[in-house]
Amino acid sequence: MHRASSKSYADNRDTTDMSRFSLLRHEVSIVRYITEWIKGDHTNRQIVLMLSLIVGMCTGVAAFILKYIIEVIKDLLTNHFTLSETNGLYLIYPAIGILLTSLFVKFVVKDDISHGVTKILYAISRKRARIKSHNRWTSIVASSITIGFGGSVGAEAPIVLTGSAFGSHLGKRFHLPANTVMLLVGCGAAGAVAAIFKAPIAGVMFVLEVLMLDLNMASLLPLLVTCLTSVCVSYALYGTESMFAFSMDKAFTIDIIPECILLGVVCGLVSLYFTRTMNWFEGIFGKLSSGWAKFIVGAAVLGTLIFFFPAMYGEGYDVIAQLLRDADPSEVMHNTLFYGYENSLLVYLVLVLLLKVFATTATNGGGGCGGVFAPTLFLGCIAGFIFAHVWDDSLGLELGNSGYVSSKNCALYGMAGLMSGVMHAPLTGIFLIAELTGGYDLFVPLMIVSVASYLTINTFEPHSIYAMRLARKGELITHDKDQAILTIINLKSQIETDYKQVSPEIDLGELVKVITNAHRNIFPVTDHHGKFLGVVTLDSVRRYIFRPELYHKYTVASFMKAPPALLNTNDTLKVATQKFDDTKAWNLPVIDEHHRFVGFVSRSGLFNSYREVLVNFSAE
């Protein structure tokens, strides 16, 4: 009887395994069929459009999954909290989230998935837009755990990395050229922004301003297809309503333009504070060599801040919604020591404004995963709200026909202003806030605040918070075609290695034998360990070649001279071209970090590569 049962169980298990295998094989066949159909009798332009449609569907679904998981985790952890009392679990939840995320990254991902937008910029500029395939799902898992447990970061950068990874994967799967893969990466990023905010125009603007891809008619259509597709997926999955409910109670009038300009300056200064404080605090985490030390510091800082200021828990979109609908102050200050003291709302919000950057940095520095997109909107809303109340209540100035400036309107203006300042993306801020709330009647003040904020921070910081890390290394692609091409071309790909190396102690006769068998007119001189010493040119020995009596009189060291400049394998192409311009040389030797000879880079080779990439740029 027992044997019969075991046999029955084994048969059932084999049947189940065969069914799963059959289903998997069927799914693979479908994917292969779709791939072959797309590769069929279609032009490159049609293929790109079809792939942009697929990217839009993938990013729309991915954005929904990410937001859903975050909300489920948050509700499970906090829905039993009472509004009027502090809760010690705020000290513990963020630490658990960071720990789980760190363990997931260390033992499952085994790769760095932080700073999602910066990684995309680096992939575009240095890796031919190649993004690792695991980013299609690992960022979703890591960021949902981090944010659901209270990490004070945003889900937008991880989902942007996810969308870009979909675009990069499809580009590699269909063996598309690098510039087309770059476009699909941009489509993925645009679709992610469009899906998570239901803001298609903002998605296109994000790619234009933050990822700094050239926008022309050939690239505009795929971007629009992706954005529209991802937004339609979002509409189908969680409705067509705007992300934030907003009803305008004060229309824009011409006489509040000075106040809008001043608010823009304030937003620019807050952006500067946010950017520089984050860089400084990240530097502190960078000095901690132990991962556990980073975790302890990050969890302690984050847990403490969230305990005293629960508004910092997660993305903070619930606080934005409360401020935009003029919620009761006690609702904004729930679970805090400030609860019940409605008159202390501004003090509470000022403290949140100043301390939010430490919570955000501690989340990522301690091992969490998230971006600064949501914190930027969060701080912008608070900054605008505070500005309106200070202006009306403290300064007592009359603004507009009704004698006051709307705190709800200023909250929207502040969101656009902070995005413009922190991300150096005024157009993204303008269209995103208009699409988030349906506040299209406020386009003019949104533009004024965004431009003023951008001009203010640009005086101090020429690059966005995403781009400054790459800009310092000379690895940032820009809208300047010349600089972009110099960034895209990899110096290592230009190194020519077919040069005959000679030792300094060999005599002229041996050198003549080397020259006879070589097809170059320049010869690197190296020691026995391969370290570069100098060069010998054919011109320097030409008049001695036909005098055999001198062959044993001179050595290579007699003709060796130092090159006009040296290139390092870690140099950028911009550095290389600058050295060619300074020295007027036609060839420059390249050495590695140990001063060993690697090869030569020629001016003509650089020029040919530059022309080839320029043609591809123009063709796209």
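**How do we know? Reading this model**

Trainee: What covers the buried residues of helix α18?

Mentor: Their cover includes α10, α16 (407-423) and α17 (426-437). Keep in mind that this is a predicted model. Among the buried residues of α18 are Pro445, Leu446, Ile448 and Val449, and the list also includes Ala452, Thr456 and Ile457.

Trainee: How do you know what length to expect for α18?

Mentor: Count its residues: α18 (residues 443-458) has 16. At 1.5 Å a residue the expected reach is 22 Å, and from first C-alpha to last the helix reaches 22 Å, so the two values are close.

Trainee: Okay, Thr226 next. What makes it count as buried?

Mentor: The cut-off for buried is under 20% relative accessible area. Thr226 has 0% relative accessibility, so it counts as buried. This residue is found in helix α9 (residues 217-238).

Trainee: Which residues is Thr226 in contact with, leaving aside neighbours within four places in sequence?

Mentor: Ser52, Val55, Gly56, Cys187 and Gly191.

Trainee: Now the rings. Why do Phe281 and Phe285 count as an aromatic pair, and of what kind?

Mentor: Ring centres must lie within 6.5 Å, and these are 5.1 Å apart, so they pair. Planes over 60 degrees apart count as edge-to-face; here the angle is 65°, so edge-to-face is the label. Both residues are buried, and both lie in helix α10 (residues 257-286), four residues apart, about one turn of the helix. Ring pairs also link them with Trp280 and Phe358 into a cluster.

Trainee: What makes us say that Lys408 sits over the ring of Phe246?

Mentor: One part of the test is a distance within 6 Å of the ring centre. The charged end of Lys408 is 5.8 Å from the centre of the Phe246 ring, so it passes that part. Arg603 lies over the face of Trp586 too, at 5.4 Å from the ring centre.

Trainee: Last one: how do you know which strands are at the edges of the sheet?

Mentor: The open sheet has three strands in the order β3-β4-β5, with mixed pairing. Strands β3 (567-568) and β5 (597-602) each pair on one side only, and they are the edge strands.

Trainee: And what makes β4 and β5 a pair?

Mentor: Pairing takes at least two bridges; β4 (residues 587-591) and β5 have five, in the antiparallel sense, so they qualify. In that pairing, Ile591 stands opposite Phe597 in β5. Helix α24 (residues 573-583) packs on the sheet, touching β3, β4 and β5.

Terms used: Residues are numbered from 1 along each chain as its sequence is written. This is a predicted model: local features need pLDDT of at least 70, side-chain atom pairs count only at pLDDT 80 or more; totals for chains, interfaces and linings use all residues. Side-chain values use heavy atoms; hydrogens and water are left out. Rings of Phe, Tyr and Trp (its six-membered ring) pair if their centres lie within 6.5 Å; planes under 30 degrees apart count as stacked, over 60 as edge-to-face and the rest as tilted. Buried means under 20% relative accessible area, exposed over 50%, partly exposed in between (1.4 Å probe, protein chains only). A charge sits over a ring if NZ of Lys or CZ of Arg is within 6 Å of the ring centre and within 35 degrees of the ring normal. Contact means heavy atoms within 4.5 Å. Axes are lines fitted to C-alpha atoms, for helices over the stretch in contact, and angles run from 0 to 180 degrees between N-to-C directions.
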